[in-house]
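Please look over the sequence and the structure below before reading on. The report then goes through selected parts of the fold.

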Amino acid sequence: MTDPYTRRSVEEAVALVLDNVSTLEVEYVPVTESVGRVVAYDLTSNIDITPFDNVAMDGFALKADEVGCASADAPVALKVVAEAPAGTLYEGPIGPGECVRIMTGAPLPPEADCMVQYELVDHQGGDGHVGSVVLFTKPTKPGNNIRKKGEEIEAGATAIARGETVSAAGVGFLASCGITSVPVYCKPRVGVISIGSELVDPTEMPTAGKIRNSNGYALEALALQAGGIPVHYEIVPDDLDALTAQVKAATKECDFVVTSGGASNGDFDFIKPVIETAGTLLMTVVNMRPGKCQTFGLVNDTPVFGLPGNPAAAWCGFEIIVRQALRKMQGYSSFARPVVKAHLALPLRKKNQRRMYLRATLSRQDDKLVVTPAKNQSSGLFSTIQRGNCLIIKPDDGHEYEAGELIDVVLMDVAEGTVL
């Protein structure tokens, strides 16, 4: 096993975390609550859809050969002998020179083979209802405007396969297949622990040396956004025993535990020794900025990820690494946010030795994508993230970028797996 104190690349860190999480167990949820969730088993329809040949719009059902010679100069007149609203089936005869007024979704009468919509038919006598005579001015074909039985899916066929994510349309599709309870992978319970004797709750007015606990709330929101169920824990002071007890408790109650603060190498940074003594320490350093000090390991066989205390560093670490793990646990096949190339609005000339994730805003200008880094890249700020929509990836190769050069950009407001 690699020394946990060895600096890892971002790719190595992601791979390590993904290797140590598994897809969660399966639960059944009402079909409307399955939207956005990953299906755990193949789901099959119990009927043909559509269950019968039906008409695609309002019009007149008839035999196509009745109007085979119709033209504008020599229209064919047919008598309306019946009406067939949706939800009813007309099974009577349709003799020579006859047709049936029919509504969208109604079954095609057994003696008809096509339908012509209202807009293409003129009235010779009456209002188009029973007893009227209507004129057809051009031929039609058998099957015209008919939805065939089993056109969408046949009984017993797979409607949504294992591993697919249910969309809103998918909810309707499953309902039409008779499926009202859907097997999906469980959402991970994500324990969030904020570490620091300087922290107070946002409801309190900070006194000298104190700051409000913003990380905890942001991380809970990120867990919720990633599809997890955030579990709030009280602030833990910089105390080894107190943190050990809280981490052990959280790992017994949650599927994944995230901490913020205490991840560096100071006298009061305890998340590394807690994981090392209570479980297995796997990682302590990632070659990225912000967020070099990121701790990962297992306690009670539960993944524990220690993020830095600086807000932007904690946010970046969660988005770039932790979010991918939470998606894997829910059965998703796409883990990472989309990356695109964009032209820099400003030069980036700093020769960084770590991969940098710069908070930025992506826009389209003159038919090209342009990315503008935030002026203040301090790792202590949430506001630049709130006002931006992406992260610029500046590689650790020492290259200095000029304005206009292309650079990779992570889209933070676009879902994983989106085709761009």
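## The model

This is a predicted model, in which local features need pLDDT of at least 70 and side-chain atom pairs count only at pLDDT 80 or more, while totals for chains, interfaces and linings use all residues. Residues are numbered from 1 along each chain as its sequence is written, and side-chain values use heavy atoms, with hydrogens and water left out.

Helices (H or I, at least four residues) and strands (E, at least two) are DSSP runs, numbered from the N terminus.

## Helix 1 and its cover

Helix 1 spans residues 10-19, and its buried residues are V10, A13, V14, L16, V17 and L18. Buried means under 20% relative accessible area, exposed means over 50%, and partly exposed lies in between (1.4 Å probe, protein chains only).

The cover over these buried residues includes strand 18 (280-285), strand 19 (288-289), strand 20 (293-299), strand 21 (302-307), helix 6 and strand 23 (355-365). Contact means heavy atoms within 4.5 Å.

## Helix 3 and helix 6

Two packed helices are described by the angle between their axes and the distance between the axes. Helix 3 (residues 215-225) and helix 6 (residues 311-329) pack at an angle of about 25°, and their axes are 10 Å apart. Axes are lines fitted to C-alpha atoms, for helices over the stretch in contact, and angles run from 0 to 180 degrees between N-to-C directions. Helix 3 and helix 6 are therefore roughly parallel to each other. Angles under 35 degrees count as roughly parallel, over 145 as roughly antiparallel, 65 to 115 as roughly perpendicular and the rest as oblique. The crossing of helix 3 and helix 6 is right-handed. A crossing is right-handed if the near helix is turned clockwise from the far one by less than a right angle, and left-handed if anticlockwise.

On the helix 3 side, the contact is made by N215, L219, L222, A223 and Q225, and on the helix 6 side by P311, A314, W315, F318, E319, R323 and L326. The buried residues of helix 3 are N215, G216, A218, L219, E220, L222 and A223. Besides helix 6, they pack against strand 13 (189-194), strand 16 (229-232), strand 17 (256-260) and strand 21. Just after helix 3, G227 takes a positive phi of about 100°.

## Helix 4 and helix 5

Helix 4 (residues 240-253) packs with helix 5 (residues 271-278) at an angle of about 60°, with the axes 10 Å apart. Helix 4 and helix 5 are therefore oblique to each other. Their crossing is right-handed. L240, L243, T244, V247 and K248 of helix 4 meet I271, P273, V274 and A278 of helix 5.

## Cysteines

Zero disulfides are found in a search of the whole structure. A disulfide is a pair of cysteine sulfur atoms within 2.5 Å. C316 is buried, with a relative accessible area of 0%, and C390 is buried at 4%.

## A residue in strand 6

R101 lies in strand 6 (residues 98-102). R101 is buried, with a relative accessible area of 12%. Not counting residues up to four places away in sequence, R101 touches G59, F60, V80, A82, E83, A84, Y118, D127, G128 and H129. From C-alpha to C-alpha, R101 and A223 are 56 Å apart in space, and they are 122 residues apart in sequence.
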